[in-house]
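The following note sets out numbered remarks on the model for the attention of a colleague.

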Amino acid sequence: AIRRAVRAFKSVPYRLELVRTVRGVSYYNDTTATTPEGAIAGLRAFPKKKIILITGGNSKGLSLLAFAKEIRARAKAIILLPGNANNDLPKGIEIPLLPLGERVGVRGGSVAMREAVRVAQENAKSGDVVLLSPGLSWLPVMNEFERGDAFTKWVKRLPYQETVREVLAGIEESRREIKEG
């Protein structure tokens with residue numbers, strides 16, 4: 001009964017919410033992490049150097065030093081959404097900064113999020129985590145819920161092409177669940 005309850009548990013929306021797994025890459029929506037401390041907690045939930053972090057925005061005057069240090073220790077790459085914090089955040093983070101396309105301006109909104117998801121997908125490998133855990137606000141562009149909804153929308157629109165191995169693994173997992181029932 002406990003196993004069934006754990007398997008059936010759904011995370012809280014917008015807080016380390018698994019949106020989808022595509023070709024072995026898991027996409028998590030942690031948009032309510034609007035402070036550096038919240039995003040640090042999100043980063044610590046996953047294995048080191050397997051995270052492509054989508055962050056960026058407006059710092060609200062908060063120190064980004066601890067956040068930058070945690071990004072450097074845990075993320076394999078970052079994607080910065082437009083905002084005033086972006087000049088300070090990447091300093092000293094010696095990991096790849098994946099640029100968004102030229103069409104994304106300061107007020108990019110959904111276009112910026114679509115581009116961020118696309119860039120993340122192009123750079124992620126099986127076993128990686130794409131994590132929207134900004135640690136910053138994105139006002140006045142979007143509030144955190146609009147930002148999270150945009151992320152979820154674009155992740156759900158990613159093309160899904162399972163390999164034969166992924167299909168067989170899913171079938172085997174379903175069989176185990178039925179047996180454990």
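1. A nonpolar core is here a set of buried Ala, Val, Leu, Ile, Met, Phe, Trp, Tyr and Cys residues joined through side-chain atoms within 4.5 Å. The model under discussion is predicted. Its largest nonpolar core holds 27 residues, and I79, V130 and F151 touch the most other members. At least two residues of this core come from each of β1 (17-22), β2 (25-29), β3, β4, α4 (110-123), β5 (129-132) and α5 (144-156). Helix α4 gives the largest share, six residues.

2. Which residues does I79 contact, leaving aside its neighbours within four places in sequence? They are I52, L53, I54, T55, L98, L100, A116, V119 and A120.

3. The overall layout may be stated next. The protein chain contains six helices and five strands, and from the N terminus on its elements follow the order α-β-β-α-β-α-β-α-β-α-α. Of its 181 residues, 44% count as buried. Among contacts with a separation of 6 or more, 71% are accounted for by residues 24 or more positions apart.

4. Strand β3 (residues 51-56) runs parallel to β4 and is joined to it by six bridges. Within this pairing, T55 stands opposite L80 of β4. Together with helix α3 (residues 65-74), strands β3 and β4 make a right-handed β-α-β unit.

5. Which residues of α3 are buried? They are F67, A68, E70, I71 and R74. These residues lie on the same side of α3, because they cover an arc of only 165 degrees around the axis. The cover over the buried residues of α3 includes α2, β3 and β4. L65 and K69, on the other side of α3, are exposed.

6. The loop between β3 and α3 contains S59. With a relative accessible area of 14%, S59 is buried, since the limit for that class is under 20%. Apart from its neighbours within four places in sequence, S59 is in contact with L64, N84, A85 and L136.

7. The salt bridges come to five in count. One of them joins D30 to R15, with the closest N and O atoms 2.5 Å apart. D30 is in the loop between β2 and α2 (36-43) and R15 is in the loop between α1 (2-8) and β1, so the pair ties together parts that are 15 residues apart in sequence. Is D30 buried or exposed? D30 counts as buried, at 0% relative accessibility, whereas R15 counts as partly exposed, at 30%.

8. A salt bridge also forms between D128 and K76, whose closest N and O atoms are 2.7 Å apart. This pair links distant parts of the chain, as D128 is in the loop between α4 and β5 and K76 is in strand β4, 52 residues apart. D128 counts as buried at 3% relative accessibility, while K76, at 22%, counts as partly exposed.

9. A further salt bridge, between R118 and E122, has its closest N and O atoms 2.4 Å apart. The two residues are four residues apart in helix α4, so about one helical turn separates R118 from E122. R118 is partly exposed, with a relative accessible area of 33%, and E122 counts as exposed at 53% relative accessibility. E115, R118 and E122 are linked in a network of salt bridges.

10. Some points may be drawn together for the record.

Terms used:
Residues are numbered from 1 along each chain as its sequence is written. This is a predicted model: local features need pLDDT of at least 70, side-chain atom pairs count only at pLDDT 80 or more; totals for chains, interfaces and linings use all residues. Side-chain values use heavy atoms; hydrogens and water are left out. Two strands pair if DSSP finds at least two bridges between them. A crossover is right-handed if, with the strands pointing away from the viewer, the path from the first strand over the helix to the second runs clockwise. Buried means under 20% relative accessible area, exposed over 50%, partly exposed in between (1.4 Å probe, protein chains only). Contact means heavy atoms within 4.5 Å. A salt bridge is a side-chain nitrogen of Lys or Arg within 4 Å of a carboxyl oxygen of Asp or Glu. The arc is that of the directions from the helix axis to the C-beta atoms.
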